[in-house]
Amino acid sequence: MDGLEVPACERCPELVESRSRIVNGTGPEDADVLFVGEGPGAQEDSQGEPFVGRSGSVLDDQLRTVGLDRDTVRITNCVRCRPPENRDPNKTELANCRGYLEAEIDMLDPDVVVTLGKVPTEHLLGRSVAVTKEAGTVEEVRINDTPRRVLICVHPAATLYDRSQSSTFEETIQTAADLAGVSGAATDGSGGQSRLGEF
C-alpha cells in the first residue's frame, strides 16, 4: 500500500471477479472527519470513487449544510471492491480488507470516524448494532491499538427509502462537524445557525 492507495489486491476471488477496479478512499490525507461505508456499488465501481450515486448526493448536500464538503472530508469503504450483485461483503472479505482500512485510519488520524450504515458500524465496533436506534452516539473504540471516536450514522440511502431517517441523519452529520470543530457556517453563506430551526 503506497500512501492511502491500494493499487492491486487479489485476496478475495469473488470480488476480484466482480469488480472493474479497486475503489480507494477520496479526500485529503489530513481530513478531520473520515466516513466509512460498506463497499462500492455499481456507480462507485464504474467511476472509481466512493459514494457517487444518489446516496452520495444526500451525503454531499448534508455536508454542505453543516459547513463541510467532500473536499475537506475523507470517504472510504470497509471493502474496496464491489461485491457481486451489490451483496454485503462477507466476514472473510471484511477481514481481508481490514488492514487497508486500519492503515488509512492511522495515516489520517481523524478527529472522528463516522460509520455509514450497519456493516461498517458492526465491523468497527465488533458487535451487533441497531443502527437506527444508536445513530448519533459516539463510542471510543481501539482500532489498530489506538483509541478512536466512532460516530454511528444511518446510511444516506436510508433517508431515500424512509423519510423519518432524515432528521437522524442530519443531526448525526451535525455531530460529526461539531466533533471536528467545524463552526457550521457554510462557505457560501447558507447553513449557519438558521438550520437549527429545521430540527
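This is a predicted model: local features need pLDDT of at least 70, side-chain atom pairs count only at pLDDT 80 or more; totals for chains, interfaces and linings use all residues.

Reader: What's the phi of Asp145 like, positive or negative?
Author: Positive, at about 75 degrees, although Asp145 is not a glycine.

Reader: Is Asp145 buried or exposed?
Author: Asp145 has a relative accessible area of 63%, so it counts as exposed.

Reader: And what do E4 and E5 form, with how many residues between them?
Author: They form a hairpin with 2 residues between the strands. Asn144 in that turn has a positive phi too, about 55 degrees.

Reader: In which sense do E4 and E5 pair, and over how many bridges?
Author: The pairing is antiparallel and runs over 6 bridges.

Reader: OK, switching to charges. How many salt bridges does the structure hold?
Author: There are 14 salt bridges in the structure.

Reader: Which residue does Glu139 meet in a salt bridge?
Author: Arg127, with 2.4 Å from N to O. That pair links distant parts of the chain, 12 residues apart: Glu139 sits in strand E4, while Arg127 is in the loop between helix H5 (118–125) and helix H6 (131–134).

Reader: Why does Glu139 count as partly exposed?
Author: Because its relative accessible area is 24%, and partly exposed covers what lies between under 20% for buried and over 50% for exposed. Arg127 also counts as partly exposed, at 30% relative accessibility.

Reader: What about Glu93, which residue does it form a salt bridge with?
Author: Glu93 forms one with Arg87, and the closest N and O atoms are 2.7 Å apart. Glu93 is buried, with a relative accessible area of 4%, whereas Arg87 is partly exposed at 25% relative accessibility.

Reader: Which residues are linked with Arg87 in a network of salt bridges?
Author: Glu14 and Glu93 are linked with Arg87 in that network.

Reader: And Arg19, what does its side chain meet?
Author: The side chain of Glu10, in a salt bridge of 3.6 Å from N to O. Arg19 counts as buried because its relative accessibility is 17%. Glu10 is at 59% relative accessibility, so Glu10 counts as exposed.

Reader: Last topic, the surface. Which residues form the negative surface patch?
Author: Glu5, Glu29, Asp30, Asp32 and Asp111 form that patch.

Reader: Where does Asp111 lie?
Author: Asp111 lies in the loop between helix H4 (91–108) and strand E3 (112–116).

Reader: And why does Asp111 count as partly exposed?
Author: Because the relative accessibility of Asp111 is 30%.

Notes. Residues are numbered from 1 along each chain as its sequence is written. Side-chain values use heavy atoms; hydrogens and water are left out. Patches are made of residues with over 30% relative accessible area and no salt bridge: like charges are joined within 9 Å, nonpolar side chains (Val, Leu, Ile, Met, Phe, Trp, Tyr) within 5 Å. Accessible areas come from the Shrake-Rupley method with a 1.4 Å probe; for residues, only the protein chains shown count as cover. A salt bridge is a side-chain nitrogen of Lys or Arg within 4 Å of a carboxyl oxygen of Asp or Glu. Lys and Arg count as positive and Asp and Glu as negative; His and the chain ends are not counted. The place of a charge is taken as NZ of Lys, CZ of Arg, CG of Asp or CD of Glu. Helices (H or I, at least four residues) and strands (E, at least two) are DSSP runs, numbered from the N terminus. Buried means under 20% relative accessible area, exposed over 50%, partly exposed in between (1.4 Å probe, protein chains only). Two strands pair if DSSP finds at least two bridges between them.
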